[in-house]
Amino acid sequence: MCTLQKHYNYYQKNKKMLNDKFANQYIVISDNFEISGFDDRLEAYTFGTLTYGLGHFMLQDCRNDGMTVNTYSSTPYKAI
């Protein structure tokens, strides 16, 4: 299973707790399932990139009612 799928599965299993704890924030979920919350998407993305590196975190929007899932991938792209 790819890393992004693991991040997404973790979010789905813990959605209620994460949406309650990080309401109205963007969260960064690392490969080790460390969670950090941010008010701004760019701040969350910058933190994830600098702390974990591209491809090693998922950015999740917790600014909704928990029914809509907006997931942002951090997968690096390789030139062909």
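## Burial and surface

Buried means under 20% relative accessible area and exposed means over 50%, with partly exposed in between (1.4 Å probe, protein chains only). On that scale, Phe 47 is partly exposed at 28% relative accessibility, while Phe 38 is buried, with a relative accessible area of 10%. Of the 80 residues in the protein, 30% are buried.

Please keep in mind that this is a predicted model, where local features need pLDDT of at least 70, side-chain atom pairs count only at pLDDT 80 or more, and totals for chains, interfaces and linings use all residues. Residues are numbered from 1 along each chain as its sequence is written, and side-chain values use heavy atoms, with hydrogens and water left out.

## Fold

The protein has three helices and four strands (DSSP runs numbered from the N terminus: H or I of at least four residues for helices, E of at least two for strands). Along the sequence, their pattern is α-α-β-β-α-β-β.

Taking contacts (heavy atoms within 4.5 Å) between residues at least 6 apart in sequence, 44% join residues at least 24 apart.

## Aromatic rings

Rings of Phe, Tyr and Trp (its six-membered ring) pair if their centres lie within 6.5 Å; planes under 30 degrees apart count as stacked, over 60 as edge-to-face and the rest as tilted. The rule gives four aromatic pairs. In one of them, the ring centres of Phe 38 and Phe 47 are 5.0 Å apart and the planes stand at 45°, so this pair is tilted.

Ring pairs also join Phe 38, Phe 47 and Tyr 52 into a cluster.
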